[in-house]
Amino acid sequence: MSRLKNLKTIPLLVFVIIQLALTIAIFFIDLKGNYNTTWIKYGCIILCFIFSCFAFKTKKGFLITGAMAGTLLADYFLLIRDDNYTLGISSFIIVQAIYFLYLKPKHWKISLIIRSAIFLAILSILLKIKIDDVSAYFAGFYFTNLIMNMTDSWIGGKKNILMSLGLLLFIGCDLSVGLNNLSSYISYSSSFIDALVRFSDVGMWLFYVPSQTLIVLSVFYPKDIGVVTDKQNM
């Protein structure tokens, strides 16, 4: 039994080390700005998808693999092509729907009601300030579901700890993306905000790669998250 455990743990440990090394490399290369790290970044997400496939046979593993496939598609539009934000964000909306199924909160009806209320509030604000960018409305819907998925996962306590931390870091990444695009929507003269914006440009992947790595790991440690038992894996 311990031998089987090692066969699972060692590859995952290597996966974590590689992701950590690539994340640090991306940060410092972007900081210097002397090399395009686009494919290194995308490679991190490809690795997440590949490792998620090892849990494909379980129900929860199938959902995580599907979510990672959706993430790959989203990053293809947002990172590789960098030309269709609506399709990219739409793919992330599907990913969040999959995470909702993965978490399967007992209070799912209340969760859906709260999600709808929050999005309607965001929608009214966007309409009031006359945002004409369609992707902004998709982003509002996506971010609402990300926030709620993170909240639902934390309500479950320690049994969802890896997924909870992954979603929390995911939010950190998206807030960094939002800061990075702040100048496109409003003007500001604060040196502090300017420093945050400049950091977000190179720092967003410090949140993103670890978030996706933790989400993948969540399906391999059922005792931590309480969603899949060893008997189910058999």
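Cys173 is buried in this predicted model, with a relative accessible area of 6%, where buried means under 20% relative accessible area, exposed means over 50% and partly exposed lies in between, as computed with a 1.4 Å probe and protein chains only. Cys53, by contrast, counts as partly exposed because its relative accessibility is 34%. The structure holds 0 disulfides, a disulfide being a pair of cysteine sulfur atoms within 2.5 Å.

Two points of reading apply throughout: residues are numbered from 1 along each chain as its sequence is written, and side-chain values use heavy atoms, with hydrogens and water left out. Since the model is predicted, local features need pLDDT of at least 70 and side-chain atom pairs count only at pLDDT 80 or more, while totals for chains, interfaces and linings use all residues.

The chain as a whole contains 10 helices and 0 strands, and along the sequence its pattern reads α-α-α-α-α-α-α-α-α-α; helices (H or I, at least four residues) and strands (E, at least two) are DSSP runs, numbered from the N terminus. Of the chain's 234 residues, 41% count as buried. Among contacts in the chain with a separation of 6 or more, 69% come from residues 24 or more positions apart, a contact meaning heavy atoms within 4.5 Å. The chain exposes about 13300 Å², of which carbon and sulfur atoms supply 70%; accessible areas come from the Shrake-Rupley method with a 1.4 Å probe, and for residues only the protein chains shown count as cover.

In soluble globular proteins, nonpolar side chains tend to be buried together. Here the largest nonpolar core has 43 residues, and those that touch the most other members are Ile64, Tyr99, Met163, Leu167, Phe170, Trp205 and Ile215; such a core is a set of buried Ala, Val, Leu, Ile, Met, Phe, Trp, Tyr and Cys residues joined through side-chain atoms within 4.5 Å. Two or more residues of this core come from each of helix 1, helix 2 (38-52), helix 3, helix 4, helix 6 (134-155), helix 7 (161-180) and helix 8 (191-217). Tyr99 can be followed in detail: leaving aside residues up to four places away in sequence, Tyr99 touches Ile64, Ala67, Met68, Thr71, Asn149, Met163, Leu167, Phe170, Gln212 and Ile215.

Charged pairs come next. Side chains of opposite charge can pair when their charged atoms come close. A search of the whole structure finds 3 salt bridges, each defined as a side-chain nitrogen of Lys or Arg within 4 Å of a carboxyl oxygen of Asp or Glu. In one of them, the side chains of Asp30 and Lys41 meet at 3.0 Å, N to O, and this pair links distant parts of the chain, with Asp30 in helix 1 and Lys41 in helix 2, 11 residues apart. Asp30 and Lys41 are both buried.

Asp152 forms another salt bridge, with Arg115, the closest N and O atoms being 2.9 Å apart. Because Asp152 lies in helix 6 and Arg115 in helix 5, the pair ties together parts that are 37 residues apart in sequence. Both of these residues, Asp152 and Arg115, are buried. Asp152 is also touched by Ser111, whose other contacts, not counting residues up to four places away in sequence, are Phe100 and Met148. Ser111 is placed in helix 5 and is buried, with a relative accessible area of 1%.

Arg81 and Asp83 also meet through their side chains in a salt bridge, at 3.1 Å, N to O. Arg81 counts as partly exposed because its relative accessibility is 41%, and Asp83 is likewise partly exposed at 45%.

Asp82, although not a glycine, has a positive phi of about 55°; Asp82 lies in the loop between helix 3 (59-81) and helix 4 (85-103) and is partly exposed at 42% relative accessibility. Lys104 has a positive phi near 45°, sits in the loop between helix 4 and helix 5 (108-128), and counts as exposed at 61% relative accessibility.

Leu31 is placed in helix 1 (residues 2-32) and counts as exposed because its relative accessibility is 52%.
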